[in-house]
Amino acid sequence: MSLSYLAQEAATNESTLRGLGAVGYGLAAIGPGIGVGIVVGKAIEGTARQPELAGQLRTTMFLGIAFTEALALIGLVAGFIF
């Protein structure tokens, strides 16, 4: 197959490729979803073990959630770019 043939096929099947972007974002959201679950679970576990550190653990948990959710936003932007 030549490169021009593949480019022509991609242009004619543009609606199919748009649907693949949604699938790609769905797959990109799986990792941050699992990451947020792990971060929150470990913060709850730490609070149960040492309740006096609950405030510091909560702050660290929110920072971890923010960094993890940034991955989901990068996945969303990558879907729009590509």
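Arg 49 is exposed, with 65% relative accessible area, where exposed stands for over 50%, buried for under 20%, and partly exposed for whatever falls in between (1.4 Å probe, protein chains only). The model behind these values is a predicted one: local features need pLDDT of at least 70, side-chain atom pairs count only at pLDDT 80 or more, and totals for chains, interfaces and linings use all residues. Residues are numbered from 1 along each chain as its sequence is written, and side-chain values use heavy atoms, with hydrogens and water left out.

Arg 49 also has a charged partner. Its side chain meets that of Glu 45 in a salt bridge, at 3.6 Å from N to O; the term covers a side-chain nitrogen of Lys or Arg within 4 Å of a carboxyl oxygen of Asp or Glu. Glu 45 and Arg 49 sit four residues apart in helix α2, so about one helical turn separates them. As for cover, Glu 45 is partly exposed at 34% relative accessibility, while Lys 42 is exposed at 52%.

Now for the overall layout. The protein chain has three helices and zero strands, giving the pattern α-α-α along the sequence. Helices and strands are taken as DSSP runs (H or I with at least four residues for helices, E with at least two for strands), numbered from the N terminus. Of the 82 residues in the chain, 15% are buried. The chain exposes about 6,300 Å², and carbon and sulfur atoms supply 71% of that; the areas come from the Shrake-Rupley method with a 1.4 Å probe, and for residues only the protein chains shown count as cover.

Helix α2 spans residues 14-49 and includes Ile 30. Ile 30 is partly exposed, at 45% relative accessible area. Together with Val 23, Leu 27, Ile 34 and Ile 38, Ile 30 makes a nonpolar surface patch of about 490 Å². Patches take residues with over 30% relative accessible area and no salt bridge, joining nonpolar side chains (Val, Leu, Ile, Met, Phe, Trp, Tyr) within 5 Å and like charges within 9 Å.

Helix α3 (residues 54-81) holds Gly 75, which is buried at 16% relative accessible area. Setting aside neighbours within four places in sequence, Gly 75 is in contact (heavy atoms within 4.5 Å) with Tyr 25 and Ala 28.
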